[in-house]
Structure formats: structure tokens, C-alpha cells
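Please look through the sequence and the structure before reading on.

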Amino acid sequence: EPPAGCPPDVEQLGRATWTFLHTTAAYYPEKPSPSQRANMLMLISSLPVLYPCGWCAKDFGENIQKTKPDVSGRVALSRWLCNQHNEVNEKLGKEQFNCAKVDERWKDGPPDGSCD
Ligand code: FAD
């Protein structure tokens, strides 16, 4: 972990980016407007072009070609993104995340109220 105030390394950038993406998906509308859908598609498809980790960007681009983003609604998008994150987890030898818990992790917090 680099000292505070240093530019982010690939891990910090990844954590920050996943936090942003999963949280944005968690609050995406269940019935998005055409404009909301189009903008979400642009947000996701801009990552392979702009994400400042070259090999991350390239692999993510290939993955989203194979499994196109599902921007039809909140639940579908959260699930799609969870699966994409799990693809990266697998590549890096990290544990698979249980996608049934995606709302608990990124929106509601655990039932025991420990995050309230
Ligand atoms: P992270 O993987 O950053 O996860 C943060 C938190 O999200 C976890 O603590 C967990 O609570 C939760 N979480 C974990 N899995 C899921 C899931 N499937 N769904 C929902 N929540 C979940 N790093 C590389 O070294 N090589 C790469 O090619 C690479 N590609 C990346 C591509 C993208 C698009 C992004 C955003 C990041 C990429 N990264 C890559 C970074 C990598 O995914 C991690 O962010 C980084 O290694 C830090 O990992 P971490 O263990 O702290 O947890």
C-alpha cells in the first residue's frame, strides 16, 4: 500500500473503480430511460478505451464483447457487473464473489445493521 497522497497503483485504482461501478449499478433505475441506458452503455464501453491500466482495459474490452452489458435495469446490470468482476477475480486468482450478495455489499449493508 503506497503512502497516502501518492498516485494510485493498479490495486487502489481497481478498488476505487469497482466501488464506483458497483455503486452506480446498485442505484441505476429498475426502468431506465433510453438516455440512461445509452449513457450507461457509454460509461462501460469507454473503459476499454480510457482505463489507465493497459492490460486491464484490453481484457475487459474482450470480456464485454463476449458478454454484452445488460443495461435493461438495476438488477440485471448489477448481476452483469458482478459476473464481469468475477472474471477479473478468476484471472487474478482471487475468490469468486457470491452475486446474490451484491445489493447487501453495495447498497443495503448486512442484515445485522453493522454498517448502519
Ligand atoms: P477488488 O477486486 O478491487 O474488489 C473490491 C471489493 O469488491 C471486494 O473487497 C469485495 O467486497 C467486492 N467484490 C469482489 N468481487 C466482486 C464481484 N464480483 N461483484 C461485486 N463485488 C465484488 N488488476 C490486475 O492486476 N489486472 C487486471 O487485468 C485488472 N483488470 C481490471 C479491470 C477492471 C475493469 C477493473 C475495474 C479493475 C481491474 N483490475 C485488474 C484491478 C483488480 O480487479 C482489483 O481491483 C485489485 O486487484 C484490488 O483487488 P481487491 O482484492 O482489493 O478487491
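## Terms and overall fold

A helix here is a DSSP run of type H or I with at least four residues, and helices are numbered from the N terminus. The model is a predicted one.

The protein chain has 5 helices and 0 strands. Along the sequence the pattern reads α-α-α-α-α. The radius of gyration of the protein chain is 15 Å, close to the 13 Å that the globule rule gives for 116 residues, so the chain is as compact as a globular protein of that length. Taken along the principal axes, the box filled by the C-alpha atoms is roughly 40 × 40 × 25 Å.

Of the 116 residues, 10% count as buried. Contacts can also be sorted by distance along the sequence: among those between residues at least 6 apart, 48% join residues at least 24 apart.

## The annotated domain

A UniProt record, an unreviewed entry, places the feature "domain: ERV/ALR sulfhydryl oxidase" at residues 6-106. Over residues 6-106 the chain is 69% helix and 0% strand.

## The shell around the ligand

How many residues surround the ligand? There are 22, and the closest are Gly14, Cys56, Cys82, His85 and Phe97. By type, the shell divides into 11 nonpolar, 6 polar and 5 charged residues.

Four helices each supply at least two residues of this shell: H1 (10-26), H3 (54-66), H4 (74-91) and H5 (102-108). Which helix gives the most to the shell? The answer is H1, with 7 residues.

## Histidine 85

His85, one of the closest residues to the ligand, has its place in helix H4. Is histidine 85 partly exposed or buried? A residue needs 20 or more other C-beta atoms within 10 Å to count as buried. Histidine 85 has 19 C-beta neighbours inside 10 Å, so histidine 85 counts as partly exposed.

Leaving out residues up to four places away in sequence, histidine 85 touches Trp18 and Phe97. Phe97 is itself among the closest residues to the ligand. Histidine 85 and histidine 22 are 63 residues apart along the chain, while their C-alpha atoms are separated by 9.5 Å.

In soluble globular proteins, nonpolar side chains tend to be buried together. The largest nonpolar core of this model has 10 residues: Ala25, Met40, Ile44, Val71, Leu77, Trp80, Leu81, Cys82, Val102 and Trp106. Helix H2 (34-50), H4 and H5 are the elements that give two or more residues to this core. The largest share, 4 residues, comes from H4. Cys82 belongs to this core and is also among the closest residues to the ligand.

Valine 71 is one of the core residues. Apart from neighbours within four places in sequence, valine 71 is in contact with Pro32, Arg37, Met40, Leu41 and Leu77. Met40 and Leu77 are core members too.

## Three further positions

Leucine 43 lies in helix H2. Leucine 43 counts as partly exposed because it has 14 C-beta neighbours inside 10 Å. The C-alpha atoms of leucine 43 and leucine 21 are separated by 9.3 Å, and the two residues are 22 residues apart along the chain.

Alanine 57 is in helix H3. With 16 other C-beta atoms within 10 Å, alanine 57 is partly exposed. Not counting residues up to four places away in sequence, alanine 57 touches Leu47, Pro48 and Tyr51. Glutamate 11 is 46 residues from alanine 57 in sequence and 14 Å from it in space, C-alpha to C-alpha.

Glycine 113 is found in the segment after H5. Glycine 113 has 7 C-beta neighbours inside 10 Å and therefore counts as exposed.

Conventions
Residues numbered from 1 in each chain as written. Predicted model: local features only at pLDDT ≥ 70, side-chain atom pairs only at ≥ 80, totals over all residues. Rg over C-alpha atoms; globule rule 2.2 N^0.38 Å. Buried ≥ 20, exposed ≤ 12 C-beta atoms within 10 Å, placed from the backbone. Contact = placed C-beta atoms within 7 Å. Near = placed C-beta within 6 Å. Nonpolar A, V, L, I, M, F, W, Y, C, P; charged D, E, K, R; others polar. Core = buried A, V, L, I, M, F, W, Y, C linked by C-beta atoms within 7 Å. UniProt positions renumbered as here; feature names shortened; annotations may be inferred.
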